[in-house]
Amino acid sequence: MPNKKSFVPWAAVFLAAGGGLVGYATYAVTGYDIMPPFLQGRQTWFVDMYDAQFVRAYEKPMDVLPEGTVSRNMYVKNYDRMTDAGKALTNPYLEGAELAEVVEMGEWNFQTYCAPCHNSNAMGSGPVNDMSDGKKRFPVPAPALAGSASIISAAGYTKGYVYLTIRNGAAIMPAHGWAMTDQEMWSVTEYLDTLEGVEFATFEPEPAAEDAAMEG
């Protein structure tokens, strides 16, 4: 039990503590901040999104894209590979380009993205389709694109059809539009065109019903 003399300093301590709590509560409520000013920046686990540094949208000029990268908002009109418009597409990047460089680009991209399934020689049975260890990684083997069993030649695919297949995928083949630029995807078709057994079809629109009737 404190005596009368010790009551005064104890009362002062309690009043100071109470005043400090009231002051801190006032600061926290009015400032929407539970971190005392003298601790800000020291106990980082208390810093929330309000206190953290940030840059508001459009407050800072956008950086220029690094060399060799491509903006994801680069728009290239898309088509369905089964439509006449899709089949009729041709490579728009050939004009003014060296075909040898285009083919080199296509070979690099083919070996990077296509060879795992279609094999490095484009004749199918790539490593992803290797079932020798008893594991079936892919439900259906990827078809041969070149050689005597070339599906391109057998099915009469156009370059537009193959380009859109690379871009959008097919059946169980994943799309690669996220991985390659439009120019790179087209370059793959030019590379395939140099391989043995590959003969791309030339798109010829079917005659309209009236024209067919007149010819008949």
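These legends accompany several close-up views of a predicted model.

**View 1. How confident is the predictor along the chain?** Let us start with the model as a whole: the chain has a mean pLDDT of 79, and 62% of its residues reach 70 or more. Among the elements of the chain, helix 6 has the highest mean pLDDT, at 97, while helix 7, residues 209-215, has the lowest, at 50. Please look at residues 41-45 with care: pLDDT stays under 50 there, and the model has 1 contact beyond four places in sequence for this stretch.

**View 2. Helix 3 meets helix 6.** Two packed helices are described by the angle between their axes and the distance between the axes. Here the axes of helix 3 and helix 6 cross at roughly 100° and come within 7 Å. The two helices are therefore roughly perpendicular to each other. To find the contact on helix 3, look for Leu99, Val102, Val103, Met105, Gly106, Glu107, Asn109, Phe110, Gln111 and Cys114. Helix 6 brings Gln183, Glu184, Ser187, Val188, Glu190, Tyr191 and Leu192 to this contact. Sorted by class, the contact of helix 3 with helix 6 has 9 nonpolar, 5 polar and 3 charged residues.

View 3. The largest cavity has a volume of about 40 Å³. Which residues line the largest cavity? You will find Asn91, Tyr93, Leu94, Val102, Met105, Gln183 and Ser187 around it. Helix 3 and helix 6 each supply at least two residues of this lining. By class, the lining of the largest cavity has 4 nonpolar and 3 polar residues, with no charged ones.

**View 4. The largest pocket.** This view turns to an open space: the largest pocket holds about 590 Å³. It is lined by 27 residues, and those closest to its centre are His118, Pro143, Thr165, Ala170 and Met173. Two or more lining residues come from each of helix 3 (99-118), helix 4 (151-155), helix 5 (159-168) and helix 6 (182-192). Which element gives the largest share of the lining? That is helix 3, with 5 residues. By class, the lining of the largest pocket has 23 nonpolar, 3 polar and 1 charged residues.

Key
Residues are numbered from 1 along each chain as its sequence is written. This is a predicted model: local features need pLDDT of at least 70, side-chain atom pairs count only at pLDDT 80 or more; totals for chains, interfaces and linings use all residues. Side-chain values use heavy atoms; hydrogens and water are left out. On a 1 Å grid over the protein atoms alone, a cavity is a set of points where a 1.4 Å probe fits but cannot get out, and a pocket is an open set with protein on both sides within 12 Å along at least five of seven lines; lining residues have an atom within 4 Å of a point. Grid points are joined across faces, edges and corners, and a volume is the space filled by probe spheres set on the points. Helices (H or I, at least four residues) and strands (E, at least two) are DSSP runs, numbered from the N terminus. Ala, Val, Leu, Ile, Met, Phe, Trp, Tyr, Cys and Pro count as nonpolar, Asp, Glu, Lys and Arg as charged, and the others, Gly among them, as polar. Axes are lines fitted to C-alpha atoms, for helices over the stretch in contact, and angles run from 0 to 180 degrees between N-to-C directions. Angles under 35 degrees count as roughly parallel, over 145 as roughly antiparallel, 65 to 115 as roughly perpendicular and the rest as oblique. Contact means heavy atoms within 4.5 Å. pLDDT is the predictor's confidence in each residue, from 0 to 100.
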